[in-house]
Amino acid sequence: MVDAEVMLGLTSRENFQIVSTPDSASVIVLNTCSFIEASKRESIEAILSMAEYKKGNCERLIVTGCLPQRYKADLKVSFPEVDAFVGTGQYGQILEFIAGKREEDFGFTHPKYIHSEHTPRINSQPSHRAYLKLSEGCIKNCAFCIIPKIRGTLRSRTIESLVAEAKQLVTGGVVELNLIAQDLTDYGRDLRNGSDLVALLKALAQVDGLTWMRLLYVYPDEMSDDLLDLIATEPKICKYIDMPVQHINDRMLHLMNRKVSGEQIRERIQTLRKRIPGVSIRSTVIVGYPGETEEEFNQLCGFIEESRFDHLGVFAYSHEEGTASFALPDQLDEKTKERRRNHLMRLQQQISQQVLKSRVGQMVPVLVEDVSEESEFLWKGRHQGQAPDIDGIVLLRSGQLERGKIQSVMLEQAMEYDYIGRVL
Ligand code: SF4
């Protein structure tokens, strides 16, 4: 998303006009994903559909991001309609690709680039919120994950650069920053100057006008006491943690090359809840990993029941060439993986509803977002435990409200994923 926003910024600075529908565009830039089978399929379908516009106004079709980074040679053969493929480390050179200058320069084997506060960027989110990309790449090498290969090794931006970008975003009206990276807890390690997530959060907390910061993607065993204390005590940091655990069985975690045991994960969750009262936890798990037995899957279900996460993403294991787990024996069939995924999702649905109901009657700060699509008489917002785009919302019974303002709201009713609340 942020890569696409940088490409929007670079192109609009060069007097390109950004249009909202592809049929009127003379240049189409399609940013893709390819980390699991479903995202590859979606990206291919998008290329096919954008290629149709080459019969009309579109003079240049450019495909960027993870899919070309991974499959550039195959794509060049399969999609002759595409004029240029741009790797994950080349979004900063999009203008040169649009101008057709670098088509033969395909040196994108090891992506190294990350943008800075000086790179133009157009925030595509509603104007009161934005994503802030702390780093690119990953040094964890989880056995199932292709991301380190397609996005490269860790490269963190400096604290000064991130604070400067945060100030620019706040000047443009942003009050909520959602901090992203492949793994936030590794932020700063490569800089070797003492910068880490705690130092960064403290610096960002000084930015006047910034109201909320939210941490997306933290690795379970790498949250220091200092980090927990800071989340607990700094009012600008949302009491929300997105902590993918992937599994709970030790044999599975070991095969996944996760550097944490089931016991440590359980302890971490207990500690989070003890040190940060009322914290909302989102997590992610993989079902149907090679060799996962029914018993191991049942252990995972038991753990999900006991952990009562506010939000959970359940992924069926995707068999990805180039990952360490590709060569593992005992790959499970798609039917088993889907059955396990559906089972766990149904289980989590019940848990989410119970968790939602348990908060009814609480008074919480809610960030007002917009008029609801459901009715012009309702507004929508999010409390600190609801990340944009992935979690639920709070529907607000109220007249005129102001976008981007925090309101005290009584949560009056829980629906399947959302609340109805009353502005006090
Ligand atoms: S930490 Fe996340 S991005 Fe890094 S290898 Fe593991 S799953 Fe992939």
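Which residues in helix 8 meet which residues in helix 10? Before you click, two notes: this is a predicted model, where local features need pLDDT of at least 70, side-chain atom pairs count only at pLDDT 80 or more, and totals for chains, interfaces and linings use all residues. Residues are numbered from 1 along each chain as its sequence is written, and side-chain values use heavy atoms, with hydrogens and water left out.

**Stop 1: helices 8 and 10.** Select D225, L228, D229 and A232 in helix 8; they meet R268, T271, L272 and R275 in helix 10. Contact here means heavy atoms within 4.5 Å. Sorted by class, that makes three nonpolar, one polar and four charged residues (Ala, Val, Leu, Ile, Met, Phe, Trp, Tyr, Cys and Pro count as nonpolar, Asp, Glu, Lys and Arg as charged, and the others, Gly among them, as polar). Now show helix 8 as 225–233 and helix 10 as 262–275: they pack at about 35°, with axes 10 Å apart. Axes are lines fitted to C-alpha atoms, for helices over the stretch in contact, and angles run from 0 to 180 degrees between N-to-C directions. Helices (H or I, at least four residues) and strands (E, at least two) are DSSP runs, numbered from the N terminus.

**Stop 2: helices 2 and 3.** Pick residues 37–51 for helix 2 and 66–78 for helix 3; their angle is about 60° and their axes are 12 Å apart. On the helix 2 side, K40, S43, I44 and I47 make the contact, and on the helix 3 side L67, R70, Y71 and L75 do. Five of these residues are nonpolar, one is polar and two are charged.

Stop 3: Six strands lie in the order 4-7-8-9-10-11, with parallel pairing; two strands pair if DSSP finds at least two bridges between them. At the edges, find strand 4 (129–133) and strand 11 (311–316). Twist averages 20° from one strand to the next. Strand 4 is joined to strand 7 (176–180) by five bridges; click Y131 and its bridge partner N178.

Stop 4: Take strand 12 (363–371) and strand 13 (378–383), which run antiparallel with five bridges. D370 stands opposite K380.

**Last stop: the ligand.** What is around the ligand? Select C138, K140, N141, C142, F144, C145, I147, P148, Q182 and R258, each with a heavy atom within 4 Å of it. This shell has six nonpolar, two polar and two charged residues.
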